[in-house]
Amino acid sequence: MNKKQTNDYTLALIKGLGHSLWAVLRHAFVKRETVSYPDIKRSLPLRWRGRIVLTRDPDGEERCVACYLCSAVCPVDCIHLQAHQNNDGRRYPETFSIDFSRCIFCGFCEEACPTLAIQLTPDFEMCERHHESLVYEKNQLLIDGQGKHPDYNFYRHAGVAIPGKAIGEAKGDTSPVDRDNNLP
Amino acid sequence: MGTILIDGHIIPFKPGDNILQAALEANLEIPHFCYHAALGSLGACRLCAVEITPKDSSKAPRIAMACLEPLEDGLEVSISAIAAQQVRQHVIEFLMINHPHDCPICDEGGECHLQDMTVACGPPYRRYRGRKRTFSNQNLGPLIHHEMNRCITCYRCTRFYQDYALGNDLGAMRLRNEVYFGRFQDGPLENPFAGNLVEICPTGVFTDAIFRQHFARVWDLKTAPSICPHCSVGCNTLPGARDGTLRRVRNRAHPELNRWFICDRGRYGHQYSEHSARPLAPRASGADTSYHDALTAAASQIKSAQDCIGGLGSAREDLEGNAMLQALLNTLGGIYTAFSDPELETATIAAVSSLQNTGNAPSLAEIELIDAALIIGDLTAYAPMIDLALRQAYRKGAKLALLHSSPTPLAQFATTAMTVSPQEMRTTLSRLYQLINAQSATEDMTETPMTDIVASLMGARKLLLIGAIETLTAQEVPILAKLATALGSDTRLAYAFSGANAYGAALLSPAGSAMVMLEAVEAGQIRILIVAGNDPLGDSRFGPRWRAACRNLSALIVLDCILTATAKAADILFPVAAWTERGGTFINYEGRAQGFAPVFHRPEYLPSVAEVITDLGQYLGHSLQAAPSVLGDIFSDFEIPKPGTTGSLIIAPSLPMPTTPPVHSAQESCSSMWQAALTSWYGDEALASFAPGLMVLIPETVAMIEPTSAIDAGIKNGSQIKLRGSSGSMVLPVQLNQGVATGTIAIARNVLAQLGVGHGDLLELEQVL
């Protein structure tokens, strides 16, 4: 009984070894999966977590409303911003900087962002000669497109008024109550 | 006193409490919105649902609102019961139906009561897919931003504004699920306590419009326990700073002083430290220089002047700075005082002396419990929080008697308000004293308001006599103290001083030294004047004399954090830290020493006054003792109070009542002469007048005259008059106002300064046709 078991085991071992050797031999002749970077660059999936950008809404305005949630959630504290209130009611970051020498590309900021402004892109080539040049300011972060989430405009859902959208004109709002009148 | 059972915990309660109060006292959190310790229960929000197990086991448990349910011994309550949780969840879901999708751009986010309660009780997702009700917003002025969509109808705002602060320009409109909280029309909220709406609103309907301009989330703010520097009440505050700038100030509860609220001057006046013209670099002979060079220049000037030196501290500087300046002057053999106005100095010292003799002033909590008060002057301008405490006393039925020469908001709550011109105040007070001593209220109809006041004062058990020092003279202060003694032992005396540390400054300043110093500067006996946080050149009554006298100086050395007239004229200017940028001690109107901690530091090197004086001493070859030991020498066993504690009454050697004669010689009055009275408003204070947000609200500059005396003089409302004082003249429009005394013109502080007259001085009036 015991002896038969040992024999089966040895047999399986040899069989497996044979398979592995065969696979190695076979792969010596198939098409290569590795490429010689940087001569050849692979296209990465959209959800790759690389360089962080700030996007714009479909109207071309900044999506970031400076809510500070990204800087709050950031585990390495690499995001710093200062909010500014526009006279027209929109809020945007006056300054926004990300220290990419500290960033661990965890993507928490993207998850926390309520306006889909901050997005991680598949770009990871960010070598710099000096540490300071890895601190990206707002003009380096802000792009002209909507990134990977097209068609979302936070201010079309929010209750505040902005130019071109008065109170009561947001998606799913009724027109404002007339406070000087008690009629229904 | 009994006990109840909440979720198995035995909780003691006080009679008259409800379930919510007992639970909160025991640190058991029952979710709630509309209940507030200062405003009581209302039952509007329906969130504090708890389950009560009846004593009769045959009956089913019932759900009740914890804030409305009276307590009885042995009551069994469950917060965690499934039924109660369900009710709370449904309430939150219902409140959130119309709540806008605003959290990322809402200033309340991070400290939002609704956010907390939604996370604590509510459903995680919104099920409602219908359309939301919306409201348009109002412009409520430069201090408060209105975003009505976020309202959950808890009525805290109107309950605070109308019932507690006794304001009348914010209310509830409409009905059903469309109740609107706002003003009848757009416009700034008029109540001087309106800023508390920011804290009392559980959501983001009312937010701080000043903080909004330079917004930061609450978790990013650096905070430390602090004391408000804007008046002598010494409210406890919690300033918040970020990135080397001060962003906002909030209330920090003190059990005896400000418990839940602070005034708008305290909340918004802090922006003086962010003023664009704030001096941040030392300046010597007209050019910016380094701290070292400025000290060297100052030391060489002082050495060359030899013994001819004066030091002017300040009632708005902390105790340490004043004591160090005094110590330096003692070493150098110079004169020290903390007051640039000799009149104010004598009055303040007389007031502190009379407080020491009659027992200390009552705290705000004690003021709220009085039955009657005699108020002299405009408390709303000099101690807004005492005004709020008196409004609470008024709500409980206290009779307020008011003697004033210029309009004051407290007049609308006074049982008897009497306008008295500044120069008649003394005779009026003496007459009151006579009437009280005579014990029998005379039924003389010609003296109706006086006899009414006497009757209300004599009929009360807990009495308060309070005066604003800035509009009192040194002769009136002792009469008020005599009145307090005559009215019996339960009578409390208090004074609203000018300056957060006026009490402490009075303890350090020898009586009469301000006049001695001014005369010495005029005579050229003082060649160097060190001014720490004071503005003698901008003073209304003595400004012209100081300006002339300062031409005799070889050097004017100024230490300040704001660009006053004196700082502009300084030969050597040391910019010093504003109160949030350093630690220190203020002594409030009760004599309570309270410490404040440094909140943050600016990128520039900004030492405190005490530090500059210590360094200056070293450059002069004198090593001064550290501030705590200097203070320990002056006040025996004095320990610097720890910031964040309730503070302790200072034990100081008793001051003698100053016997200096009246400072300004009584001017001959003739028919064309009018008396000037200082009219003030809650934002009128040396520091707060550099806060841009408050400055937008400055009342229009007018000359206020009582209607009948205006008619007698043939002056019409809105006509232009020319006022002439000792150092200048000014043309102003006339506003007729019942709150001004007969023969008196009430004008603002800056007009007084320009005319070179003080409160009670005479003015010439000329009609401009």
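Aromatic pairs first: I searched the whole structure, a predicted model, and got 22 of them over all chains. I paired rings of Phe, Tyr and Trp (its six-membered ring) if their centres lie within 6.5 Å, with planes under 30 degrees apart as stacked, over 60 as edge-to-face and the rest as tilted.

I looked at Tyr164(B) and Phe261(B), a tilted pair at 4.9 Å centre to centre and 55° between the planes. Tyr164(B) sits in helix α4 (residues 156–164) and Phe261(B) in the loop between β13 (245–251) and α7 (264–268) of chain B, 97 residues apart. I took helices (H or I, at least four residues) and strands (E, at least two) as DSSP runs, numbered from the N terminus. Buried or exposed? Tyr164(B) is buried at 6% relative accessibility, and Phe261(B) is buried at 4%. My cut-offs were under 20% relative accessible area for buried, over 50% for exposed and partly exposed in between (1.4 Å probe, protein chains only).

Ring pairs also join Phe160(B), Tyr164(B), Trp260(B) and Phe261(B) into a cluster.

Next I checked Tyr272(B) and Trp579(B), which are stacked: 6.1 Å centre to centre, 25° between the planes. Tyr272(B) is in the loop between α7 and β14 (283–284) and Trp579(B) in the loop between β25 (572–575) and β26 (584–587) of chain B, so this pair ties together parts 307 residues apart in sequence. Tyr272(B) is buried at 1% relative accessible area, as is Trp579(B) at 3%.

Residues are numbered from 1 along each chain as its sequence is written, chains are lettered from A and ligands numbered from 1 in the order written, and side-chain values use heavy atoms, without hydrogens and water.

Key. This is a predicted model: local features need pLDDT of at least 70, side-chain atom pairs count only at pLDDT 80 or more; totals for chains, interfaces and linings use all residues.
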